[in-house]
Amino acid sequence: MATRQIGFFTRLLDDVPAAERYRLALAQIRAAEAAGFHTAWVAQHHFHGDEGGLPSPFPFLSYVAAQTSAIRLATGVVTLTMEDPIRVAEDAVVTDILSGGRLEVGFGSGGTAQSYTAFGQNYDDRHRVFAQNLGVIKAAWSGAELPGGNRLWPKAGGLADRSWQATFSTGGAARAGRDGDGLLLSRTQPRPKDRPDATLAEIQLPVVEAYLAALPTGRAPRILASRSVFVADDREEARRFARIGLSRQAAKFRESGHTIDETSLDTLIRTFDVHVGTPEEVIRSLSQDQTLEHATEIAIQVHSVDPPHAHILRSIELFAAEVAPALGWGNRGAGTGPQRAALETIR
């Protein structure tokens with residue numbers, strides 16, 4: 001397999017008002033571009049600002065496109081079950097044009113049950129609605145005739161070849177493979193009740209296998225593995241931020257009725273599948289994740305540690321300059337020379 005690309009992922013969760021969240025997210029993406037990252041991924045969330053700060057990804061990515069030049073821009077994901085598919089198809093095309101063809105579009109059926117109600121949708125119908133809406137988007141992008149004799153304008157260009165699907169299941173992975181789409185793997189997943197101690201790789205490797213088995217002959221696999229990664233110069237500082245963020249996340253899980261083992265910080269780190277510490281510690285931790293051997297891109301996010309902005313920028317820099325090269329990922333020259341100067345400017 002070719003060298004695995006590296007991506008930066010954000011849910012825009014900085015603890016500041018919305019306008020400042022967007023400014024900081026732009027700065028983080030620009031830092032990732034300067035450090036040699038291949039892609040910047042943003043998540044869509046409706047209504048609940050403590051889950052994610054971006055309900056409208058396409059306007060934000062168009063804004064980012066105007067202030068970047070090379071990094072690819074991606075949705076991870078558009079919650080397609082709560083969207084008008086033709087509008088999504090149109091918004092994606094316009095964003096792709098404004099970005100100079102840098103858009104990657106990830107789709108999913110996520111979101112809380114309460115969010116569906118506001119959009120007149122039933123949470124239990126999400127898988128059926130997702131498949132239906134995705135079919136409409138693919139048809140629109142292909143130039144097919146839409147109701148009323150309409151066709152999409154502007155035309156979609158190559159967006160159909162830059163479509164991705166997020167899933168937790170082997171069935172969803174097989175669908176993504178049959179469609180020739182990329183596969184988006186999450187940073188963590190719920191453990192089966194009968195296998196509470198299963199590793200993330202043990203859960204995700206069957207998903208990868210189902211995807212690869214369903215992929216049409218001659219279609220190159222595209223597999224993105226998102227991972228929670230926070231790299232710091234100082235181990236104790238990294239663990240201090242991890243304790244704050246993961247304890248906060250554990251409290252949210254308890255409020256939702258889940259049982260969380262908070263015996264120690266290391267227990268929380270394992271529970272939430274977090275890779276945290278100095279570059280050497282993160283290299284060692286990521287090297288043990290067997291799923292990453294099959295990924296074509298690894299996208300890192302600081303959630304659920306969620307350290308302050310300056311520490312996110314430093315984590316981006318350390319990952320690109322020290323962690324990724326040690327694992328044979330991404331641009332081995334990232335973080336040096338002109339790129340380091342660009343990072344300093346962004347700070």
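Arginine 87 is partly exposed, with a relative accessible area of 45%; partly exposed lies between buried, under 20% relative accessible area, and exposed, over 50% (1.4 Å probe, protein chains only). Its side chain meets that of glutamate 90 in a salt bridge of 3.1 Å, N to O, a salt bridge being a side-chain nitrogen of Lys or Arg within 4 Å of a carboxyl oxygen of Asp or Glu. Glutamate 90 also counts as partly exposed, at 29% relative accessibility. Both residues lie in helix H3 (residues 85–98), 3 residues apart, about one turn of the helix. Helices (H or I, at least four residues) and strands (E, at least two) are DSSP runs, numbered from the N terminus.

This is a predicted model, in which local features need pLDDT of at least 70 and side-chain atom pairs count only at pLDDT 80 or more, while totals for chains, interfaces and linings use all residues. Residues are numbered from 1 along each chain as its sequence is written, and side-chain values use heavy atoms, with hydrogens and water left out.

The structure holds 18 salt bridges. One of them joins the side chains of arginine 219 and aspartate 161 at 3.4 Å, N to O. Arginine 219 lies in the loop between helix H7 (200–214) and E7, and aspartate 161 in the loop between helix H5 (126–141) and strand E5 (163–166), so the pair ties together parts 58 residues apart in sequence. Arginine 219 is partly exposed at 29% relative accessible area, and aspartate 161 is partly exposed at 46%.

Aspartate 233 and arginine 314 form another salt bridge, at 2.7 Å, N to O. This pair links distant parts of the chain, 81 residues apart: aspartate 233 is in the loop between E7 and helix H8 (235–255), and arginine 314 is in helix H11. Arginine 314 is partly exposed, at 25% relative accessibility. Salt bridges that share partners also join Arg87, Glu90 and Asp91 into one network.

In strand E7 (residues 223–231), 9 of 9 residues are buried. One side carries Ile223, Ala225, Arg227, Val229 and Val231, the other Leu224, Ser226, Ser228 and Phe230, and both faces are covered.

E7 runs parallel to strand E6 (residues 182–185), joined by 3 bridges; two strands pair if DSSP finds at least two bridges between them. Leucine 183 stands opposite isoleucine 223. E7 also pairs in the parallel sense with strand E8 (residues 274–277) over 4 bridges, with valine 229 opposite histidine 275. A further 5 bridges join E7 to strand E9 (residues 297–301), again parallel, and serine 228 stands opposite glutamine 301.

## Nonpolar cores

A nonpolar core is a set of buried Ala, Val, Leu, Ile, Met, Phe, Trp, Tyr and Cys residues joined through side-chain atoms within 4.5 Å. The largest has 70 residues, and those with the most contacts inside it are Phe37, Phe60, Phe107, Trp141 and Phe319. Helix H11 (residues 309–327) supplies the largest share of this core, 7 residues. A second, separate core of 10 residues includes Leu183, Val208, Tyr211 and Leu215.

## Aspartate 14

Aspartate 14 is in the loop between strand E1 (5–10) and helix H1 (18–34). Aspartate 14 is buried but has no salt bridge, and the nearest side chain of opposite charge, arginine 21, is 6.6 Å away. Lys and Arg count as positive and Asp and Glu as negative; His and the chain ends are not counted.
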